[in-house]
Amino acid sequence: MSSTASTQTGQNAQRLTLVEAIQDGLYTEMSRDDSVVVLGEDVGKNGGVFRATDQLYEEFGEDRVIDTPLAEAGIVGASIGLAQTGMKPVPEMQFMGFMYPAFDQIVSHAARLRSRSQGQYSVPMVIRAPYGGGIRAPEHHSESKEAFFVHEPGLKVVSPSTPYDAKGLLAASIHDPDPVIFLEPKLIYRAFREDVPAKPYEVSLSEAAVRREGSDISVYTWGAMTRPALIAAENLSQSHGIDVEVIDLRTLSPLDVETITNSFKKTGRAAIVHEAPKTVGLGAEIATTIQEEALVHQEAPIKRIAGFDAPMPLHSLEDYYLPQAVRIQDGIRETVDF
Amino acid sequence: MNMKNEAGSKDVPAAVREDSDLVQVLDAEGNVLPQASVPDISDRQLLELYETIKLARHFDQRAISFQRQGRLATYAPMTGQEGSQVATSLALAEQDWLFPTYREHAAKYAHGMDLVSLFEPLRGYRDGYAIPDDVNVMPEYIPIATQVPQAMGMAWGHKLQGKTDTAVLCHLGDGATSEGDFHEGLNFAGVFDVPAVFVCNNNQWAISVPRERQTASETIAEKAQAYGIDGVRVDGLDPLAVYKVASAALEKARNPGPGELRPTLIESVQYRFGAHTTADDPSVYRDESEEEAWRDRDPVDRIETYLYNEGILDSDLESEIQDSIEQEVSEAIETAEQTETSPDNIVEHVYEDVPARLEEQRDELNRLREKYDDGAFSEVLE
Ligand SMILES: Cc1ncc(C[n+]2csc(CCOP(=O)(O)OP(=O)(O)O)c2C)c(N)n1
Ligand SMILES: [Mg+2]
């Protein structure tokens with residue numbers, strides 16, 4: 001595993017998957033700072049149901065990698081309390097669909113202890129949760145409900161799309177003085193490997209990434225949808241000579257409005273791709289922001305390519321629910337041809 | 001941290017320990033214990049109990065292998081727990097309601113669901129949740145403990161409408177007792193004195209987390225005290241003991257004696273012989289020797305021995321039963337494999353009527369399906 005990989009390779013880069021990069025990020029931060037603790041269901045001995053905390057229990061012991069009772073409100077509420085003592089809790093919610101018992105603790109307290117106390121108290125904490133569909137999981141295991149948390153002032157919301165970013169964004173989240181909801185796209189947990197430095201580094205929580213430069217249209221996305229968006233861009237470049245810019249937001253709250261609008265000012269056309277239901281998904285916020293900031297540049301209606309306004313179906317239909325490259329391509333062409 | 005409950009350290013299995021609080025009828029082999037009273041149950045019912053438990057064991061083994069063959073998605077095995085599941089369901093009256101979790105396949109079947117609908121959700125179709133009018137089973141609960149207040153509410157609704165001949169039986173796991181919903185549901189059940197029976201299938205594990213890490217209470221049954229209701233511990237690998245305890249609890253739910261409250265919390269002490277689900281590897285977090293101690297008390301063997309002792313079962317009947325079980329399960333998977341659905345189903349049943357906006361989304365999908373082919377939608381995203 002990467003914990004041993006990092007000790008062996010010292011400063012060298014390692015070829016890691018996204019989930020391994022998260023494990024490595026936790027390992028790196030826990031090694032540097034004794035106050036960082038991981039807690040949650042099955043995170044200890046089992047190393048997490050997706051192995052995101054693999055080897056951490058063996059490495060850091062049961063007081064820093066803690067198997068808790070099965071209780072999300074307890075895990076998050078206790079983390080808020082732990083944070084008041086100078087510890088930096090990194091609670092895991094086993095799946096995003098099981099965060100709801102903790103919702104009250106998150107929105108009524110974690111998000112607003114700073115403002116309630118006029119800056120006297122704060123909640124430096126990173127709540128990690130795998131999210132999104134496409135892995136033929138049982139019901140309630142595939143939702144993308146990032147908008148719930150983006151809607152809540154006081155929370156930061158982050159979702160990496162590459163192993164390198166996963167480690168760097170996780171480090172920045174752990175160092176951040178405010179509570180961060182760290183959403184991990186489990187569809188691409190093991191989809192590909194890339195070089196991830198063994199040494200500590202941060203990826204800023206205030207910058208979106210331009211994954212592909214282009215001049216005809218801006219595609220805004222994040223997490224697992226970044227890959228089909230890039231595939232669609234590549235296909236359209238070859239088949240239709242359409243030059244697509246792909247922006248990976250990385251941090252969903254607060255939004256990097258500057259990168260979003262600069263791209264749009266260049267292309268004048270936009271498509272937003274997300275798994276979450278269309279209505280009041282983050283696409284609505286991005287589209288409105290573009291119109292507020294850059295209306296005069298607009299040359300076509302802004303297209304949202306999103307999940308349905310319906311509960312996530314069971315897995316026999318999930319391929320139709322999720323934005324696939326074919327839907328993304330069609331949406332881009334419609335916007336470019338307008 | 002208090003390491004009294006160190007994760008993974010297990011002493012003698014609770015059901016094996018000398019335990020005066022634990023209701024048992026059969027010994028480890030299946031002989032009736034000296035002081036035990038056998039529940040009042042006809043030979044025909046005993047055979048039904050046996051056949052259903054045997055079917056459950058076979059279903060479980062087949063489902064695990066269907067999952068490996070890619071014919072089912074993630075499956076939660078129940079080996080070791082099927083005796084308790086079947087016994088609790090057979091204790092129900094037809095009008096009673098069942099609230100199952102993702103693991104209570106046999107409990108659902110024994111209360112009237114067919115095997116095909118057990119397979120369908122595992123194949124990705126919601127059809128199996130469309131439970132027929134004459135079967136009083138709720139679609140399985142996956143978010144842990146959420147069923148507890150709902151089961152209470154249904155029992156309450158029956159009581160408020162004078163239908164106390166209908167009881168509600170709600171399953172939950174040992175892990176579920178840690179959730180707030182468990183507390184709220186049981187507290188309401190006591191306060192409003194509803195005809196509900198809560199069966200905690202204490203299989204000693206919540207995925208990788210041992211029972212001792214869920215609660216510092218010695219038993220789960222004792223939690224009932226805090227709600228002012230009865231708590232009973234029963235050997236969950238002893239189908240006759242479970243049947244006896246569940247029947248008594250259901251009878252009390254319907255017709256409480258003077259001064260008795262209707263609800264009961266039953267702690268059915270069991271062991272999860274297999275993995276949490278087909279996606280789990282228990283060798284990472286628990287010792288295999290622990291399982292062996294429990295295997296000696298296998299519910300299938302115990303009920304079988306009892307029936308042989310009583311002269312109700314012989315080897316001819318046993319193999320006849322086995323053959324018909326195997327046929328029933330193979331027919332069910334074959335039928336389940338015919339289930340089809342259309343992508344239109346994504347927008348159906350979200351509301352009673354499909355809103356215009358969802359119709360548009362459906363039409364847009366169908367336009368794309370026509371323009372490209374369906375294969376384009378099953379491209380692997382990653
Ligand atoms: C609210 C919630 N949190 C987490 C999960 C993930 N999860 C599924 S099963 C399980 C363990 C449940 O243990 P227990 O209640 O003992 O039931 P068992 O699986 O042993 O039957 C967990 C943590 C979930 N389904 N729902
Ligand atoms: Mg359990």
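1. A salt bridge is taken here as a side-chain nitrogen of Lys or Arg within 4 Å of a carboxyl oxygen of Asp or Glu. By that rule, domain 1 of chain A and domain 2 of chain A have 2 salt bridges between them. In one salt bridge the side chains of A:R250 and A:D165 meet, at 3.1 Å from N to O.

2. On conventions: this is a predicted model, in which local features need pLDDT of at least 70 and side-chain atom pairs count only at pLDDT 80 or more, while totals for chains, interfaces and linings use all residues. Residues are numbered from 1 along each chain as its sequence is written, chains are lettered from A and ligands numbered from 1 in the order in which they are written, and side-chain values use heavy atoms, with hydrogens and water left out.

3. Domains of chain A. The bounds, which come from an automatic or database domain assignment, are 3-197 for domain 1 and 209-336 for domain 2. Taken over C-alpha atoms, the centres of these two domains of chain A are 26 Å apart. Contact (heavy atoms within 4.5 Å) involves 30 residues of domain 1 of chain A and 24 residues of domain 2 of chain A.

4. Area between the domains of chain A. Buried area is the accessible area (1.4 Å probe) that two parts lose on being put together, summed over both. For domain 1 and domain 2 of chain A the figure is about 2100 Å², with 58% of it on carbon and sulfur atoms.

5. Polar contacts between the domains of chain A. A polar contact is a pair of N or O atoms within 3.5 Å; within protein, one must be able to donate a hydrogen and the other to accept it, and residues adjacent in sequence count only if both atoms are side-chain atoms. The rule finds 13 residue pairs in polar contact across the interface of domain 1 and domain 2 of chain A, both residues at pLDDT 80 or more. On the side of domain 1 of chain A that touches domain 2 of chain A, 15 residues are nonpolar, 8 polar and 7 charged. In this classification Ala, Val, Leu, Ile, Met, Phe, Trp, Tyr, Cys and Pro count as nonpolar, Asp, Glu, Lys and Arg as charged, and the others, Gly among them, as polar.

6. Chain A against chain B. Each side is listed separately: 55 residues from chain A and 55 residues from chain B take part in the contact. The two chains bury about 4600 Å² between them, and carbon and sulfur atoms give 58% of this. A:L70, A:F308 and A:Y320 supply 15% of the area that chain A buries against chain B, more than any other three residues.

7. Charged and polar pairs between the chains. The interface of chain A and chain B holds 4 salt bridges. The side chains of B:R357 and A:D309 meet in a salt bridge at 3.4 Å, N to O. Between chain A and chain B there are 14 residue pairs in polar contact, both residues at pLDDT 80 or more. The side of chain A that touches chain B divides into 27 nonpolar, 9 polar and 19 charged residues.

8. Ligand 1. This ligand lies between chains A and B. There are 20 residues around ligand 1 (a heavy atom within 4 Å), and A:E72, B:Y102, B:R103, B:D174 and B:G175 come nearest. A nitrogen atom of ligand 1 is 2.9 Å from a polar backbone atom of B:I142, and a nitrogen atom of ligand 1 is 3.0 Å from a backbone N or O atom of B:I144. A polar backbone atom of B:W205 is 2.8 Å from an oxygen atom of ligand 1.
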